[in-house]
Amino acid sequence: MKAVIQYEGSDVKNDTSSSSEELSKFDLAHYGKQTQGKFSLTQKFNQEVSMNLNTEMKDGEMVYTINGKVFPDTEKIKVQKGDKVKVTFVNQSMSDDHPMHLHGHFFQVLSKNGQPLQGSPVMKDTLNIKPGEQYVIAFEADNPGDWMFHCHDLHHASAGMVTDVMYTDYHSNYTPDPNVNNKPE
Ligand SMILES: [Cu+2]
């Protein structure tokens, strides 16, 4: 889309398009200077989790699965405060992107398609995983609660691609109002 900006009362039209300019693509695997991040691929983790993301037909409906399961049957990630958790995402869908989003935490991206990140450590709370891609990320369980971990394509989330990070030593005293028709996705 292009829009010409012209100020009220002015006849000057010197706003030219820059659409032919090639802007460099952001590549998170080679962005900035390499420095020591919070996590590394070679360190010890308390847990290593695989999340295979897929698009499947189940009972005649298109669903979006984590390790072949749809929420609430997906495996929860159970943590204790201080745990360091490594997660490997693989997008097995033929044509669906899965922007995976973790509530309440930031994670570091450690590798993309088996290649360790070469630039600055990249911290995110959402990472888009394209079909066929594999990423390894890591986070520290430093924020007790029950947190959603889900695809941020909310159509995919509502059709299954949701799990939880649950702190085993945390108990919420919050009771949702049953009269509020709240759909968490
Ligand atoms: Cu998705």
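**Figure 1. Overall dimensions of the protein chain.** The radius of gyration of the protein chain is 21 Å, while a compact globule of 185 residues would have one near 16 Å. This radius is taken over C-alpha atoms, and the globule rule is 2.2 Å times the number of residues to the power 0.38. The model is predicted: local features need pLDDT of at least 70, side-chain atom pairs count only at pLDDT 80 or more, and totals for chains, interfaces and linings use all residues. Numbering starts from 1 along each chain as its sequence is written. Along the principal axes, the C-alpha atoms of the protein chain fill a box of roughly 65 × 50 × 35 Å. The protein chain holds one helix and twelve strands. Helices (H or I, at least four residues) and strands (E, at least two) are DSSP runs, numbered from the N terminus. Their order from the N terminus is β-β-β-β-β-β-β-β-β-β-β-α-β.

**Figure 2. Burial and the largest nonpolar core.** Of the 185 residues in the protein chain, 23% are buried. Buried requires 20 or more other C-beta atoms within 10 Å of the residue's own; exposed means 12 or fewer, partly exposed lies in between, and C-beta atoms are placed from the backbone. The largest nonpolar core has 30 residues, of which Val85, Leu110, Ile137 and Ala138 touch the most other members. Strand E10 (residues 134-140) gives the most to this core, with five residues. A nonpolar core is a set of buried Ala, Val, Leu, Ile, Met, Phe, Trp, Tyr and Cys residues joined through C-beta atoms within 7 Å. Leaving out residues up to four places away in sequence, Ile137 touches Val87, Phe107, Gln108, Val109, Leu110 and Leu127. Contact means that the C-beta atoms of two residues, placed from the backbone, lie within 7 Å. Among contacts in the protein chain with a separation of 6 or more, 74% are between residues 24 or more positions apart.

**Figure 3. The five-stranded open sheet.** The strand order is E3-E12-E11-E5-E9, and the pairing is mixed. E3 and E9 are the edges, each with a single partner strand, so one side of each has no neighbour in the sheet. Direction ignored, neighbouring strands of this sheet are turned by 15° against each other on average. Those angles are taken between axes, which are lines fitted to C-alpha atoms (for helices, over the stretch in contact); angles run from 0 to 180 degrees between N-to-C directions. Two strands pair if DSSP finds at least two bridges between them.

**Figure 4. Antiparallel pairings within the sheet.** Strand E11 (residues 146-151) and strand E12 (residues 162-167) pair in the antiparallel sense over five bridges. Asp146 stands opposite Met166 in E12. E5 and E11 are also antiparallel, over three bridges. Here Leu102 stands opposite Phe149 in E11.

**Figure 5. Strands E5 and E9, side by side.** Strand E5 (residues 98-102) pairs with E9 in the antiparallel sense over four bridges. Met100 has Leu127 as its bridge partner in E9. Pro99 has Asn128 as its bridge partner in E9. In a regular strand the side chains alternate between the two faces of the sheet.

**Figure 6. The loop between E2 and E3.** Pro72 lies in the loop between strand E2 (61-66) and strand E3 (77-79). A cis peptide bond joins Phe71 and Pro72, with omega about 5°. Asn67 is found in the loop between E2 and E3 too. Its phi is near 50°, a positive value in a residue other than glycine. Asn67 counts as partly exposed because it has 15 C-beta neighbours inside 10 Å.

**Figure 7. Asn113 and Gln115.** Asn113 sits in the loop between strand E6 (107-112) and strand E7 (115-116). Asn113 has a positive phi of about 50° although it is not a glycine. With 10 C-beta neighbours inside 10 Å, Asn113 counts as exposed. Gln115 belongs to strand E7. Gln115 counts as exposed because it has 10 C-beta neighbours inside 10 Å. The C-alpha atoms of Gln115 and Ala29 are separated by 8.3 Å, and these residues are 86 apart along the chain.
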